[in-house]
Amino acid sequence: MRLNFDDVLRHLGEFGRYQKWVYFLLCLPGLSFGSRMMISMFLLNVPEHRCAIPGHYNDTYNVQSINHAYLINATIPYVKRDGKLQLDRCHIYRDIDNITTVGANRTVVGCKKWVYDKSVFEYTASMEFSFVCDDAILATHSKMIFMGGCFFGAFASGALGDKIGRKKALYLCILLLTAGGIILNWSSNFVMFITLRFINGASATGMYTTCFVIGMEIVGPSKRVWTGTILGVFFALGMTMLSAVAFFIRDWHTLELVIAVPVAIFLIYWWVIPESPRWLMNEFRYQEAEVIIRRAADVNKVKLPENLFEQQEKTEAETHDDNKPKGSFLHLFTTPVMCTRTLIIFFNWMVVSMVYYGLSLNSDNLGAGSLHLNFLLVGLVELPACGLVVMLLNKVGRKVMHCASMLVGGVSCILTIFTIMYADQSLQWVTVLLAMIGKLGAAAGFAIIYTFSSELFPTVIRHSAIGASSSLARIGGMIAPYIADWGKFVGGDFGRALPLLMFGGLAVLAGLLSLLLPETLDRDLPETIEDGIKFGRKPIHHRALDDEEKQQGLSLLAIPDTTDLDENHPPQNRQPLAPVNA
């Protein structure tokens with residue numbers, strides 16, 4: 001019988017001092033990832049604006065004097081917008097020199113220069129590159145391209161992590177994010193801007209996904225809820241930190257530098273973060289895994305036997321075939337069971353991301369106050385979501401908890417149609433409350449799906465599978481801005497409710513489909529493709545070794561009865577590891 005890393009963890013400690021320290025370091029990049037994923041709210045914000053008066057280089061959005069007001073009225077036509085007459089944002093009168101024709105029917109033409117309201121932002125990328133009027137869609141395209149980078153980065157980092165190791169993939173992402181974030185500050189044109197945004201999205205997502213995978217692989221089954229959820233707390237904290245930083249820094253160049261430069265601190269991780277010993281064992285690199293495990297044992301104050309993997313290496317040397325194919329991403333689709341589960345997981349990742357980012361990026365329309373306050377509320381609501389996940393996930397299970405989160409969030413979004421279309425302005429707070437409940441459900445669903453899917457996928461393809469899942473999530477994030485903008489084209493109250501209706505309906509469908517997945521609570525992680533196929537159908541139990549296996553020495557660990565282990569029995573109080581022939 002092959003020794004797996006969960007067997008080692010039963011004696012090493014599922015979440016000992018060593019794992020806690022490493023996991024804390026892996027959580028810190030979550031702060032940068034949260035800020036990076038949501039910085040579009042401030043970089044690409046389009047303030048109120050109008051055409052600049054030709055020939056007046058000191059023109060400002062705010063009226064400077066009576067003469068200035070008269071010149072504005074003579075130059076800029078009025079249009080009906082949101083039920084009120086307002087200055088046209090995109091057109092000026094052609095005959096601007098003929099002031100005597102003010103109020104008459106005059107020809108209008110598009111303008112090429114604008115002035116902006118600087119009461120909220122001093123300077124944004126949308127102002128610099130003029131993402132307004134006919135080019136307003138470029139701001140949405142920029143968000144989509146960033147999510148496209150996230151899509152590529154999640155998939156590429158997953159495949160790379162399974163091929164060359166989690167640690168190398170993580171470090172490469174940190175290097176790219178540091179360089180791309182700093183260089184973005186000097187973007188001189190739209191193409192350069194979106195190219196660097198693509199790189200930043202790819203590297204940020206790869207960094208976060210790899211940190212998550214390493215964190216999940218170094219802890220035991222009973223602690224995966226913490227490792228799968230606390231990283232999300234750091235993401236939420238990164239969002240709230242961004243809100244505070246953006247409140248004081250109103251220029252996008254300075255804001256981008258403040259967010260990008262601290263990522264360079266994580267370059268020290270090459271000397272601090274170990275390779276995943278679970279991955280090393282699956283690659284039959286037992287000596288490297290043993291070095292890390294013994295370091296963890298010293299910190300956790302646990303004794304290990306000499307030559308921990310000696311018999312295992314002999315057995316693998318006799319039975320291991322170098323030409324035997326290893327786990328491949330395509331194995332997820334080779335059987336009906338794996339294919340069905342994979343497609344359901346992919347769909348849930350895509351929908352939860354679509355709802356999550358759709359509601360987050362739409363926070364400026366919540367009606368709760370300023371943009372910074374709205375964004376802060378959207379970030380803070382994630383903290384109780386993570387708290388609920390930590391408290392309940394190990395009690396009610398992954399499947400039921402995820403389904404409930406998606407249903408609650410989806411139904412809340414759907415209910416907003418009644419407050420938007422049939423309630424008066426005094427009940428606007430109900431719409432805000434329902435939107436926040438929807439965001440809470442999406443945040444909880446996001447936290448759960450990370451843990452749930454990582455426990456379903458086998459170790460040999462876990463990083464690739466999580467990367468592919470995260471890629472599907474980015475497709476949802478790419479679609480979300482277009483769904484939100486679709487409501488603007490429809491217009492009216494129904495236009496405001498339409499995006500929430502679509503988000504809510506898809507969330508309900510995803511939640512119901514998740515009931516078809518097997519429960520993973522308190523189960524060992526599947527290691528091979530065969531384990532993954534049997535998972536939920538034929539339980540993977542540890543069995544007692546027969547006399548022949550003991551004589552062959554195929555197991556190096558005396559596996560205790562796990563029903564007797566709990567948090568009141570620390571690792572040092574358990575029976576020490578010993579070779580079976582001792």
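Reader: What does Phe284 count as, given its relative accessibility?
Author: Buried means under 20% relative accessible area, exposed means over 50%, and partly exposed lies in between (1.4 Å probe, protein chains only). At 25% relative accessibility, Phe284 therefore counts as partly exposed.

Reader: What kind of model is this?
Author: Residues are numbered from 1 along each chain as its sequence is written, and side-chain values use heavy atoms, with hydrogens and water left out. Local features need pLDDT of at least 70, side-chain atom pairs count only at pLDDT 80 or more, and totals for chains, interfaces and linings use all residues; the model is predicted.

Reader: How many helices and strands does the protein chain have?
Author: Both are DSSP runs numbered from the N terminus, helices being H or I with at least four residues and strands E with at least two. By that rule the count for the protein chain is 23 helices and 6 strands.

Reader: What share of the protein chain's accessible surface belongs to carbon and sulfur atoms?
Author: The chain has 582 residues, and 54% of them count as buried. Accessible areas come from the Shrake-Rupley method with a 1.4 Å probe, and for residues only the protein chains shown count as cover. The accessible surface comes to about 25,400 Å², and the share belonging to carbon and sulfur atoms is 62%.

Reader: Which residues have the most contacts inside the largest nonpolar core?
Author: A nonpolar core is a set of buried Ala, Val, Leu, Ile, Met, Phe, Trp, Tyr and Cys residues joined through side-chain atoms within 4.5 Å. The largest one has 119 residues, and those with the most contacts inside it are Phe42 and Tyr356.

Reader: Is Phe42 buried or exposed, and what of Phe375?
Author: The class is set by relative accessible area, with the cut-off for buried at under 20%. Phe42 and Phe375 are both buried.

Reader: Which residues form a nonpolar patch on the surface?
Author: Patches are made of residues with over 30% relative accessible area and no salt bridge; like charges are joined within 9 Å, and nonpolar side chains (Val, Leu, Ile, Met, Phe, Trp, Tyr) within 5 Å. One member, Trp21, is found in helix H2 (residues 17-27), and at a relative accessible area of 53% Trp21 is exposed. The patch has about 790 Å² of accessible area together, and its residues are Trp21, Phe24, Ile265, Ile268, Trp270, Trp271 and Val272.

Reader: What does Arg36 count as, at its relative accessibility?
Author: A salt bridge is a side-chain nitrogen of Lys or Arg within 4 Å of a carboxyl oxygen of Asp or Glu. Arg36 and Glu256 meet in one through their side chains, at 2.8 Å from N to O. With Arg36 in helix H3 (residues 29-38) and Glu256 in helix H11 (residues 252-260), the pair ties together parts that are 220 residues apart in sequence. Glu256, at 0% relative accessibility, counts as buried, and Arg36, at 2%, also counts as buried.

Reader: In which helix are Arg294 and Glu290 about one helical turn apart?
Author: The side chains of Arg294 and Glu290 meet in a salt bridge of 2.8 Å, N to O. Arg294 counts as partly exposed at 23% relative accessibility, whereas Glu290 counts as buried at 14%. Being 4 residues apart, they are separated by about one turn of helix H13 (residues 286-300).
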